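Dear colleague,

I am passing on the structure below, followed by notes on what was found in it. Please read them alongside the coordinates when you have a moment.

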Amino acid sequence: MESVKKEQPAFTTLIDLASERIGGKTIACSDDFFAEKENLLKPGRGIFIADKYTDHGKWMDGWESRRKRTPGNDWCIIKLGPSGIIRGFDIDTNYFLGNHPPFASVDACSMEGNPSGDYLQSARTTWVELLPKSPLNPGSQNLFPLTDDKIWTHLRLNIFPDGGVARFKVYGDVYKNWDLVIGKETVDLAAATNGAKAVLCNDMFFSHMDNLIMPGRGVNMGDGWETKRNRTPNNRDWVIVELAHPGIIERLLVDTCHFKGNYPDTCMIEGLNLENSKQTDLNAAELQWTEILPKVKLQPNQERFFRNEITNPGPYTHIRLNIYPDGGVSRLRAFGYLHREK
């Protein structure tokens, strides 16, 4: 049976830097005889299918090594999607009960480019211990906060001595070197991979607001932001995105991919500039939101680009997507260029 979910610490609201959804990859491991290392970075917590087996034994939704009969421990090397500052780990042993590792540790390194698995395993790579050898509970989210301000690109999850881990999540802040973005070069200011964050919404009953700013198009209806049905006349649902960098917005995209009988009828987008403000309450009544995109009709399962409709390009630090009366949006993009204070 799936374990009871613990109260989540604050760091779990940050982006999962290792998620395959934003480019995280498993590069190499010591052994994945029972279950492939790639499962570590998939969404969710992993599932269990009682009667499912493979040629190697019981099918498990995670990374599982064989029973070790020699000295040493098993490990898996992971490339983060975007590099970043790590605030905490979730080493989730969901459904691994008689086969979980009793202990784990995590090492990190920072490397440019795409070093090979052989290079990362060689003496040429210097690993730094971020999480010392720590006990793991079976069938549980094992949550470890981290105090570290360095920027990392790769991690090595070590398990002692062997066993299975369902998911490995690496929560933190995306690092992007904005000095490399020159002049009025166009970037997606609302992309999670650039450091944007979905920070507040009034409702996300069916699916999470974080999905709005993920790469690519949604894979299904669950891979978007969807609110519950609202019967209140003139209802407005909304979500606020903190942009990756203060910027001038030139083009917007609202994508209702997979939302057919439940897309919003209309939407409107507003902006806010808090570059020189200490305001933290983004829902405060006194905030002066500026209309960027007036109310426009949406269509089912469709990408809608807006350029000429933009009335006030900014600069902004936050944008708010308003939908009427409710429904689901798969992705939100805000293309523009950086605003740099002189």
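**Aromatic pairs and overall fold**

F48 has a relative accessibility of 41% and therefore counts as partly exposed. Please bear in mind that this is a predicted model. Y95, by contrast, is buried, its relative accessible area being 18%, which falls under the 20% cut-off.

By the rule applied, there are 5 aromatic pairs. In one of them F48 and Y95 are stacked, at 5.5 Å centre to centre and with 25° between the planes. Because F48 lies in the loop between β2 (25–29) and β3 (53–54), and Y95 in the loop between β6 (74–92) and β7 (103–109), this pair ties together parts that are 47 residues apart in sequence.

The rings of F89 and F168 also form a stacked pair, since their centres are 5.7 Å apart and their planes stand at 20°. F89 belongs to strand β6 and F168 to strand β12 (residues 167–174), so the parts tied together here are 79 residues apart in sequence. F89 is buried at 0% relative accessibility, and F168 is likewise buried, with a relative accessible area of 0%.

As for the chain as a whole, it contains 1 helix and 22 strands. Its radius of gyration is 22 Å, close to the 20 Å given by the globule rule for 342 residues, so the chain is as compact as a globular protein of that length. Buried residues account for 54% of the 342 residues, and, of the contacts between residues at least 6 apart in sequence, 80% join residues at least 24 apart.

Conventions. Residues are numbered from 1 along each chain as its sequence is written. This is a predicted model: local features need pLDDT of at least 70, side-chain atom pairs count only at pLDDT 80 or more; totals for chains, interfaces and linings use all residues. Side-chain values use heavy atoms; hydrogens and water are left out. Helices (H or I, at least four residues) and strands (E, at least two) are DSSP runs, numbered from the N terminus. The radius of gyration is taken over C-alpha atoms; the globule rule is 2.2 Å times the number of residues to the power 0.38. Buried means under 20% relative accessible area, exposed over 50%, partly exposed in between (1.4 Å probe, protein chains only). Contact means heavy atoms within 4.5 Å. Rings of Phe, Tyr and Trp (its six-membered ring) pair if their centres lie within 6.5 Å; planes under 30 degrees apart count as stacked, over 60 as edge-to-face and the rest as tilted.
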